[in-house]
Amino acid sequence: MALKRLDHVRWMLEKDFKAGMRVTGLIYGDSYIIQGLEEEGALEQVANVACLPGILKHSYAMPDIHWGYGFPIGGVAAFSMEEGIISPGGVGYDISCGVRVMLTFLDEDEVASCIDELAAAIFSKVPCGVGSKGALKISEAELLEVLKQGAAWAVKKGYGEREDLECIEDGGKLPHADPSAVSRKALERGKPQLGTLGSGNHFLEIQVIDEVYDENVARQLGLNLGQVTVMIHCGSRGLGHQVCDDYIKVMLRAMNKYGISVPDRQLCCAPLKSEEAKSYLGAMQAAANYGLANREVIGQLVRDVFSRFFPKTDLKLLYDVSHNIAHIEKHEVDGKLMDVCVHRKGATRAFPPGHPSLPEKFRQVGQPVIIPGSMGTESYILVGTKRGMEECFASTCHGAGRVMSRRSAMKDEQADTVLKRLEEKGIKVMAEQIRTVREEIPEAYKDVSRVVDVVEKAGISRKIARVRPLAVIKG
Amino acid sequence: MPWVELPHTADAGLEIKASDAESLITESAKALCSFIFGEFLETSKSQSGEEYVVELDCIDLLELFVSWLNELLFIYEVKGKIFLPENVEIDLQGVKLLARGTLQDAPRPVRAVKAVTYGGAEIKSEPIWKFRVYLDL
């Protein structure tokens, strides 16, 4: 066993696990989560990240950890602005992949009578699936504005409400986006895809709040037992994928220039002070703004459908957060408050109550965290904590985390059996590709409740409410 | 079949074999297309399509092979076409690729690939040419 148990939910990967590790690995998990980690490549990836220059404190892995590319999924690492690096592989291809929850003022009974029609109407309104093109036709000049303004662009064009912006991480716009750092290829990929869900693990769900853990905070967030909600999970589509690919090439050349070597080429990087890093940060923020605008547009498409069925109700945005991103943030390291670059790849920022970056609305309760479960299982709404801020750069998990390959999942159960089983649980599933339903069976993921229990037991975030799916729309 | 699918917890890998670098480029394209579209390439050879050229200039062979597959993904996503290479030239010293071929209409895909990654990627020329790569799905 390479891991040393620190307590019931914390495990240490010692520096002697791999030559070149500059810090230890800190992994959150119970015995169920830790079991099997050593067989796949995820632990090796935690160790590889620990080898990167300027890494601070630990190479972290959240309990939804699984084998990724470069960084493990669920990986968090913070780097010194002086000696540290930025790595496109630490953000991932789907820059600003993230999730939002919108609140209706409807209860389950009101929606149950038309759930099939409602799901079908959303499925037809929101483009999804491989290579899907958006409902919006935008010019290149408008695309450049999307990259600069993020969700604010969508609101200005009528795809969203002004009040949404304070409920989106970073106010819906990363401020140092540089569209000129985004390649023509990325623009070509992104132009027709704004307002599309994509495929794979991306989804849109109609849900109901079926458990409240902290009534006081839930009330402050506007969450009530039995209330219907909508969850949207998607990212920056082909534009983000191309930005990542473009900058991996830039970083491969930068490593030669700056004399950096990494144990896995996907971790290629450049010093944070370098021109290459500045250029990537500008492009990454532009791609992130595209992802934020994408979810805002989809949110409005969902509002349009709901208003046809329920003319007197409106959907309010609870929160929208990215879980594939790098942020420059202030954190205390060795007793000193300093700027650091935090990479979260399949991990969620979770600032504690009182954090100055939070808008007034969330200042008292902490940053909302949205943890989607697998298809057909519950999802969770949490908030950040002081301990998470102090221990792991204000980070927590982002989902359930896969345990079974798509190929194995395909062999496990036929699509119609999956659909029937979910229908028996009262969950309507609509998918552009029936293959996706088979690949995304609930058994392909960890038990999200156990994942969330780990972050709560560790004290790095806190459960507020649970939602249960009524209808799932997949790409 | 000169390629096999490799397991991955979240995504998928491909391992492709060929007798030389040029054939490995062609077989890699076939493997990626077969992964995304099923058996499309076997039925589309007789179609005529728009002529197209892909040129790459890389720092090493691994970058060249990964970039090649990412270029095919880009062509598909932007043009809705599959690039079928008919003539492939590789400058192994300069690490350059010139591939001439045609663009064919793409059928409905059965799987989505976001990107071709460097994670766990490997290229070998001995005892035969072999390219292992993982796809972000």
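**A helix pair and its setting**

In this predicted model, helix 9 (residues 237-258) and helix 10 (residues 275-309) of chain A pack with their axes 10 Å apart, at an angle of about 170°. Helix 9 of chain A is therefore roughly antiparallel to helix 10 of chain A; angles over 145 degrees count as roughly antiparallel, under 35 as roughly parallel, 65 to 115 as roughly perpendicular, and the rest as oblique. The axes are lines fitted to C-alpha atoms, for helices over the stretch in contact, and the angles run from 0 to 180 degrees between N-to-C directions. Helices (H or I, at least four residues) and strands (E, at least two) are DSSP runs, numbered from the N terminus.

On the side of helix 9 of chain A, the contact (heavy atoms within 4.5 Å) is made by Arg237(A), Leu239(A), Gly240(A), Val243(A), Tyr247(A), Val250(A), Met251(A), Ala254(A), Lys257(A) and Tyr258(A). Helix 10 of chain A contributes Glu275(A), Glu276(A), Ala277(A), Ser279(A), Tyr280(A), Ala283(A), Met284(A), Ala287(A), Tyr290(A) and Asn294(A). By class, the residues of this contact are 13 nonpolar, three polar and four charged. Here Ala, Val, Leu, Ile, Met, Phe, Trp, Tyr, Cys and Pro count as nonpolar, Asp, Glu, Lys and Arg as charged, and the others, Gly among them, as polar.

Residues are numbered from 1 along each chain as its sequence is written, while chains are lettered from A and ligands numbered from 1 in the order in which they are written. As the model is predicted, local features need pLDDT of at least 70 and side-chain atom pairs count only at pLDDT 80 or more, whereas totals for chains, interfaces and linings use all residues; side-chain values use heavy atoms, with hydrogens and water left out.

Arg237(A), which lies in helix 9 of chain A, has a phi near 55°, a positive value in a residue other than glycine. Arg237(A) is buried, at a relative accessible area of 10%; buried means under 20% relative accessible area, exposed over 50%, and partly exposed in between (1.4 Å probe, protein chains only). Lys57(A), in strand 4 (residues 55-69) of chain A, likewise is not a glycine and has a positive phi, of about 65°. Lys57(A) is partly exposed, with a relative accessible area of 28%.

In helix 5 (residues 140-149) of chain A, the residues Leu143(A), Val146(A), Leu147(A) and Gln149(A) are buried. Their cover includes helix 9 and helix 10 of chain A, together with helix 6 (151-156) and helix 7 (184-190). Just after helix 5 of chain A comes Gly150(A), with a positive phi of about 60°.

The cysteines form a separate topic. A disulfide is a pair of cysteine sulfur atoms within 2.5 Å, and by this rule the count over all chains is zero. For Cys269(A), the nearest cysteine sulfur is that of Cys268(A), 7.0 Å away. Cys269(A) counts as buried, at 0% relative accessibility. Cys341(A) is also buried, with a relative accessible area of 0%; the closest cysteine sulfur to its own, in Cys269(A), is 11 Å away, too far for a bond.

At the level of the whole chain, chain A has 16 helices and 19 strands. Its C-alpha trace spans about 60 × 50 × 45 Å along the principal axes. Buried residues account for 67% of the 475 residues in chain A. Of the contacts in chain A between residues at least 6 apart in sequence, 77% join residues at least 24 apart.

The other chain may be summarised briefly. Chain B has three helices and eight strands, in the order β-β-α-α-β-α-β-β-β-β-β from the N terminus on. In chain B, 58% of the 137 residues count as buried. The peptide bond from Glu126(B) to Pro127(B) is cis, with omega near -5°, and Pro127(B) lies in the loop between strand 7 (122-124) and strand 8 of chain B.
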